[in-house]
Amino acid sequence: MREDIKSFITSVAKPGRYTGGESGSVYKDKSAVDLRVAFCFPDTYEIGMSNLGMRILYGCLNKLDNVWCERVYAPWTDMEEEMRRRNIPLFTHESGDAVGEFDMVAFTLQYELCYSNVLNMIDLAGIPLRCADRSDDMPIIIAGGHCSYNPEPLADFVDIFSIGEGEESLPELAELYIKMKKDGTYTRKAFLKAAACELEGFYVPSLYHVTYNDDGTICSIEPEVGVPSKVTKRIIADVDNAYVPTPPVMPNIDIVHDRVTLEVFRGCVRGCRFCQAGFICRPVREKSPETLNAQAKLLCSATGYDEISLSSLSISDYSKVGTLTDDLLSWTNEEKINLSLPSLRADTFTKELMDKISSVRSSTVTFAPEAGSQRLRDVINKNVTEEEILKAASVAYGAGKNKIKLYFMNGLPCETDEDVEGIASVANHVLDEYYKTPNRNRKQPPQVTLSVACFIPKPHTPFQWEGQNSFDELERKQKLLSGSIKDRKIRYNYHDARVSHLEAVFARGDRRLGAALEEAHRRQIRFDAWEEFFDLDRWLKVFDFCGIDPAFYANRTIPDDETLPWDVIDCGVTKDFLLRERHKAYEAATTPSCREKCSGCGVSKLVPAEYCRWCPGHPGGDEVEAITGNAEEALVGDELLKNRQLTNPKPIRAIRVRFEKSGPMLYISHLDLAKCVMRAVVKSKLPVWYSEGFNPIPHLVFSPPLSVGCGGESEILDFKIVSEISDSEIFSRLSEAMPAGITVREVYTAETKLKEITWGENLITFRGIETVRGERAESNAVDICAEISVMFDSPVVMMKRSKRGERECDISPLVKNAAAEYSDGALKVTVITSAAGENYLNPEYAAKAIEKQLELSGKMMFHTITRKSLMLSDGSEFR
């Protein structure tokens, strides 16, 4: 952790975002590596740490002995404000070094509205925004991810775009950089040219000259001599042997997807005409059930997670889904691990599959009909009927679910008002299905939730040529749908049409948008993906200032023969195929899935036939495993609850663990600390007693919580065991499993109750004090200490938070004793505060009271708090 953030880090939201020290982080000797890469996610830590692609590429680069890849996330606005005020540059999580000192700075681009954050992070790193302004000794800026399939809006700021899957290509780029540095041929210009010409899958915008017609459309995209006219994406053919981060970097704070993410296959056999991922991720490449089962066991063992999410674009299209779920269920139930399948299709949702993977965490099941009429579902090639939607709803209701969420889109090509009103009709029919289901859950009323997004034309899809509805028209359709919903059991949520409009501008933008991005950065626009910061009016002023018409990009219908900004990128699917699909949409003609028939999209040229399961030439390509029920293994509802209770033995002994909280654990909340410890307990494989119910978890009890920033030298964890194991073995296993910052000090049988804890002894250390009541601190240190020793003998009124809100409170009765000494430029105060139940006093209040009464000040002043011990009512140590 950087020393220069310690003085203020506890004053910003979620300081654990910035401290590093997570388990699984890679540390190397920077003097022993030839290349340093700062891998940036242009959004918050919680979102970036959930991104599987970033975890994979972080591991792939660090597998190279002479490369050190470190992580960076966008600081939230409060942290950025402090960093800029104190001239602290953007820094990495592992070494804490400034990003501007690295050889390469890589960004993953998952969402167009993160572009403003990319520029902000480059600037915060002290790197010139524009490629043309960077010298040879400055970092190379790289970007990849789904948004790189139209790299043009960021062409002025990114040196190299990595197109496709980077597990093999990024190490190749690293080796090229190292080679040129060592043989003395490196210059920025020479390296960029070599990357474009000698390696596959890298697009260097500065090597392509774009000209425009008088009407603003693109006239030509001309590469320099020797540079390929098209850049073809890279893919991993054999995903069974693709790198899996084991163990992954484990977050210390709660993140968006805090579970094992098991990537089942890449690509999609469907051809939904609006879906970019369905085309750019082709062809389908599956992992075997044996590989997946082994990876799941390894990841659960290494992380302590209690949930596995089977990740793919459409999990029920996995050809061996029956075998996979059987293999996983053979051990996950006993290990009290839940399975979740987040991407089920209504046409493949069966009772057998529901029985096998029924999520007991939620009463909600989600489907995505996308359109409100069969005609429009055919237009978008959804290939699902209302009958199949209702059948899936019936299966869900019959399995005890009473909430169904339906995803739709409005503003789709060829959409009419009748299609919009049809969304409400489908919702009504799904709701009616509940009452038609005899074995439905009658304990709670049903609820159908509609989540309706706005259509956004995306590159490399059949709808890339279609204009988006204006946001006025999108808002009209949203109101039309709202007025069509009459039943209060139907909840309607919709996306902000103004956000979707800006997303469409950048999705189909060209490099002329760089001027708007740069101007937006000058106006401090960032975090556009966050509701509290998004402001379309500010963007419209930026576009107007730059002479850009956003409707040219978002709302214009593009003719078939127009040159597109992203035509230089070859995603494998041919433009001719996309055009055929565009015109089939106008006829509401569907295209079968790759499983049923090859439609000649062109992607099969990218991999050998044996790795593309449903491309021509693959032996047995049409064989898809049926999902069958198994009465002995498929446990749902009360049956599953009963089985889990039977496998949960009664506790035989209470265990007490005394541990120290320090390092990165100082800066996380008590809830996050409890989650980290719980995962460690699961990893340790100790015979702990679990709670009962659908979702059993280790039954852990902690001593009174410490606030963010407070350390503890004698914290308490209690749990019970269901079979005998020695204290020394518990100590050994827990010590090995705990994350950095939690040190096990002692393990013994608990003889007392935690409710007997009455007092806590705390050491408050003030550093960087310059003056006390306007005078130098050293000149009256003795008087300061004497005053503190009697300070709490009189009333000390503070604003104190409680469950009933914030109110004035005299905290002096909650302080038993205070003593102070001044040495080595630090004021050290030992204060004994109440640690009992409702009378618990956070020692932070005592620290603030001392700071306020003595008028302590200093430019770099800060204080730390460490709880030294816990005490009984008589002042003796709690054991």
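**Notes on helix packing**

1. Helix α8 (residues 289–303) packs with helix α9 (residues 321–332) at an angle of about 30 degrees, and their axes are 9 Å apart. That makes α8 roughly parallel to α9. Their crossing is right-handed. Please keep in mind throughout that this is a predicted model.

2. Which residues bring α8 and α9 together? From α8 come Pro289, Leu292, Asn293, Ala296, Lys297 and Cys300, and they meet Thr323, Leu324, Asp327, Leu328 and Trp331 of α9. Sorted by class, this contact has seven nonpolar, two polar and two charged residues.

3. Next, helix α4 (residues 115–124) and helix α16 (residues 514–522): here the packing angle is about 65 degrees, with the axes 10 Å apart. The crossing of α4 and α16 is right-handed. On the α4 side the contact uses Tyr115, Ser116, Leu119, Asn120 and Asp123, while α16 supplies Leu517, Glu518 and His521. By class, that gives three nonpolar, three polar and two charged residues.

4. Helix α23 (residues 781–791) is worth a look down its axis. Its buried residues are Ala781, Ile784, Cys785, Ile788 and Met791. As a reminder, an α-helix has 3.6 residues a turn, so residues three or four places apart point the same way.

5. What lies over that buried side of α23, and what faces away? The cover includes β25 (771–772), β29 (815–823), β30 (826–834) and α24 (843–854). The face turned away from the buried side carries the exposed residues Val782 and Asp783.

Key. Residues are numbered from 1 along each chain as its sequence is written. This is a predicted model: local features need pLDDT of at least 70, side-chain atom pairs count only at pLDDT 80 or more; totals for chains, interfaces and linings use all residues. Side-chain values use heavy atoms; hydrogens and water are left out. Axes are lines fitted to C-alpha atoms, for helices over the stretch in contact, and angles run from 0 to 180 degrees between N-to-C directions. Helices (H or I, at least four residues) and strands (E, at least two) are DSSP runs, numbered from the N terminus. Angles under 35 degrees count as roughly parallel, over 145 as roughly antiparallel, 65 to 115 as roughly perpendicular and the rest as oblique. A crossing is left-handed if the near helix is turned anticlockwise from the far one by less than a right angle, and right-handed if clockwise. Contact means heavy atoms within 4.5 Å. Ala, Val, Leu, Ile, Met, Phe, Trp, Tyr, Cys and Pro count as nonpolar, Asp, Glu, Lys and Arg as charged, and the others, Gly among them, as polar. Buried means under 20% relative accessible area, exposed over 50%, partly exposed in between (1.4 Å probe, protein chains only).
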